[in-house]
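Take a look at the fold below.

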Amino acid sequence: MSVSATNVDVTVVGAGVGGLVAARALKRAGLTVQVFEKSRGVGGRAATRRVRMGASETPVDHGAQYFTARDARFREQVEAWLAEGDLRVWSAGFHTLKGRSLIPPEAGHPRYAFASGLSTLGKQLAAELSVRRGARVRQLTPADGGGWRLTFEDGSHHLSPRVLLNLPAPQAREVCGPSLPPDAERALAAVRFAPCLAVIAGYPDHPPPAWRGVHVEDGGPLAWIAHDSSKRPRAPGTILVLHATPAFSTQYLETPDAAAPLMLRAAAPLGAALTQPAWTQVHRWRYARVVTPHPQPYLDGGNGLLFCGDWCGGDRLEAAYLSGLAAAERFLGSR
């Protein structure tokens with residue numbers, strides 16, 4: 001069993017957008033930062049997988065579908081990404097399906113997407129950071145002499161004077177256990193999430209639909225359908241991503257494969273052919289949608305422990321970005 005006691009100033013657990021933004025801001029301010037991430041990728045629900053369509057592969061966003069930028073600090077970052085050429089305005093509004101009626105969108109604010117996939121966002125934020133992947137933190141406890149002791153799934157340990165947990169509130173609460181003060185425990189317990197089942201559906205020979213995305217309001221299993229391949233130049237075919245409602249996702253969370261045919265059947269008003277894709281893939285997001293957020297952009301657990309994420313002060317990717325900035329500013333202000 002190993003213990004690492006490196007000279008890090010801050011340890012970040014969770015390489016989602018909030019954690020990466022905080023780590024980058026702290027590093028640029030001169031602090032030494034180590035990021036731990038349980039999965040193989042970075043960016044959290046800004047997730048992309050590659051799928052095969054015929055002889056080609058193409059990226060598909062199976063988590064967050066796009067993001068908006070209303071805050072000036074985030075808009076500045078978005079402008080920089082736009083200048084690099086891969087980020088683009090995907091749409092300024094989406095259709096709405098009510099019953100069998102497809103209602104055109106009204107022009108609104110830009111929705112952004114990367115042509116190479118939304119996971120590009122996480123990769124760019126992580127580019128200058130030390131990120132150890134495949135490192136699942138099981139427990140966080142106060143360390144002898146101050147600071148925090150992180151215990152990993154493999155039994156190893158890591159000591160750090162300050163820790164930022166960028167995890168869904170229920171997971172953060174589980175990791176901290178009895179180490180949390182009562183106020184922080186109550187704040188984490190008050191945050192509520194809803195799950196989401198996502199179905200990726202491929203149609204190699206189907207003509208692309210005219211819409212970019214559809215909000216579904218018919219009381220059925222679907223909440224959203226994205227024409228994902230419309231984000232990609234020279235896409236090799238039509239790919240849709242279907243998201244289920246919170247209620248339907250909760251009902252089928254443990255049997256997601258059984259949910260896919262029902263979700264596809266619900267897309268029939270947009271065209272009978274959409275109910276019969278050539279292939280499907282299913283993914284479940286247990287903490288997909290923030291139902292009850294924490295009212296502040298970060299949560300202070302005391303003794304050098306902070307929490308951040310899209311559940312702090314909002315429920316979207318932009319909220320995660322701003323939460324990471326706020327957490328970094330809190331650490332820097334307490335030096």
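What follows covers the overall build and then a single packing contact.

This is a predicted model. The protein chain contains 8 helices and 21 strands.

Next, the interior and the surface. Of the 335 residues, 52% count as buried, meaning under 20% relative accessible area. The chain exposes about 15000 Å². Carbon and sulfur atoms supply 49% of that area. Now consider contacts between residues at least 6 apart in sequence: 67% of them join residues at least 24 apart.

Helix α1 spans residues 17-28, and helix α8 spans residues 317-333. Their axes come within 7 Å and cross at roughly 35 degrees. The crossing of α1 past α8 is right-handed.

Which residues meet there? From α1 come Val17, Gly18, Val21, Ala22, Arg24, Ala25 and Leu26. From α8 come Leu317, Ala320, Tyr321, Gly324, Leu325, Ala328, Phe331 and Leu332. By type, the contact holds 12 nonpolar residues, 2 polar and 1 charged. Arg24 is on the α1 side of this contact, and Arg counts as charged. Gly18 in α1 and Gly324 in α8 also take part; Gly counts as polar.

Notes:
Residues are numbered from 1 along each chain as its sequence is written. This is a predicted model: local features need pLDDT of at least 70, side-chain atom pairs count only at pLDDT 80 or more; totals for chains, interfaces and linings use all residues. Side-chain values use heavy atoms; hydrogens and water are left out. Axes are lines fitted to C-alpha atoms, for helices over the stretch in contact, and angles run from 0 to 180 degrees between N-to-C directions. Helices (H or I, at least four residues) and strands (E, at least two) are DSSP runs, numbered from the N terminus. A crossing is left-handed if the near helix is turned anticlockwise from the far one by less than a right angle, and right-handed if clockwise. Contact means heavy atoms within 4.5 Å. Buried means under 20% relative accessible area, exposed over 50%, partly exposed in between (1.4 Å probe, protein chains only). Accessible areas come from the Shrake-Rupley method with a 1.4 Å probe; for residues, only the protein chains shown count as cover.
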